[in-house]
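I begin with the chain as a whole and then turn to individual residues.

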Amino acid sequence: MAKVMVSGEIDVSAERLWNLLEDFGSVGWMPGVTSVAVQGQGEGMSRTIGEGEQAIVEVLESIDEETHQIGYTITQNN
């Protein structure tokens, strides 16, 4: 299995960015996303972005509020 790590700098405070990202089921900040379905809560929850055969399914593997890190796996259409 391939692993990808993305890092970069964004010109907003860490707290403001974390407030957007910590809610794994909320993807309104993603351009072009018109639908998302969430199953479960916390680690192990999944979100399905889009519909039909092109839907992307992601599973939340870890979330660390102290270090502001989220780990997730794309399980469908990666």
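1. What percentage of the 78 residues of the chain count as buried? In this predicted model, 21% of the 78 residues count as buried. The accessible surface of the chain comes to about 6200 Å², and carbon and sulfur atoms contribute 48% of that surface. The C-alpha atoms fill a box of roughly 35 × 25 × 25 Å when the box is taken along the principal axes.

2. As for secondary structure, the chain contains 1 helix and 4 strands, and in sequence order these follow the pattern α-β-β-β-β. Among contacts with a separation of 6 or more, 18% are made by residues 24 or more positions apart.

3. The pairing of β1 (36-39) with β2 (residues 46-49) is antiparallel and runs over 4 bridges. The two strands form a hairpin with 6 residues between them, and Gly40, which lies in the turn, has a positive phi of about 85 degrees. Within this pairing, Gln39 has Ser46 of β2 as its bridge partner.

4. Strand β2 also pairs with β3 (residues 56-64), again in the antiparallel sense and over 4 bridges. Here too there is a hairpin with 6 residues between the strands, and the turn holds Gly50, whose phi is positive at about 90 degrees. Ile49 stands opposite Ile56 in β3.

5. Ser46, in strand β2, deserves a separate remark. Its relative accessible area is 11%, which falls under the 20% cut-off, so Ser46 counts as buried. Leaving aside residues up to four places away in sequence, Ser46 touches Ala37, Val38 and Gln39, and also Val57, Glu58 and Val59.

6. Which side chains meet in the 1 salt bridge that a search of the whole structure finds? The partners are Arg47 and Glu58, with a distance of 2.5 Å from N to O. Because Arg47 lies in strand β2 and Glu58 in strand β3, the pair ties together parts that are 11 residues apart in sequence. Arg47 and Glu58 are both buried.

7. The ring centres of Phe24 and Tyr72 are 5.8 Å apart and the ring planes stand at 55 degrees, so the pair is described as tilted. The pair links distant parts of the chain, since Phe24 belongs to the loop between α1 (14-21) and β1 (36-39) while Tyr72 is in strand β4 (residues 69-76), with 48 residues separating them.

Note on methods:
Residues are numbered from 1 along each chain as its sequence is written. This is a predicted model: local features need pLDDT of at least 70, side-chain atom pairs count only at pLDDT 80 or more; totals for chains, interfaces and linings use all residues. Side-chain values use heavy atoms; hydrogens and water are left out. Rings of Phe, Tyr and Trp (its six-membered ring) pair if their centres lie within 6.5 Å; planes under 30 degrees apart count as stacked, over 60 as edge-to-face and the rest as tilted. Two strands pair if DSSP finds at least two bridges between them. Buried means under 20% relative accessible area, exposed over 50%, partly exposed in between (1.4 Å probe, protein chains only). Contact means heavy atoms within 4.5 Å. Accessible areas come from the Shrake-Rupley method with a 1.4 Å probe; for residues, only the protein chains shown count as cover. A salt bridge is a side-chain nitrogen of Lys or Arg within 4 Å of a carboxyl oxygen of Asp or Glu.
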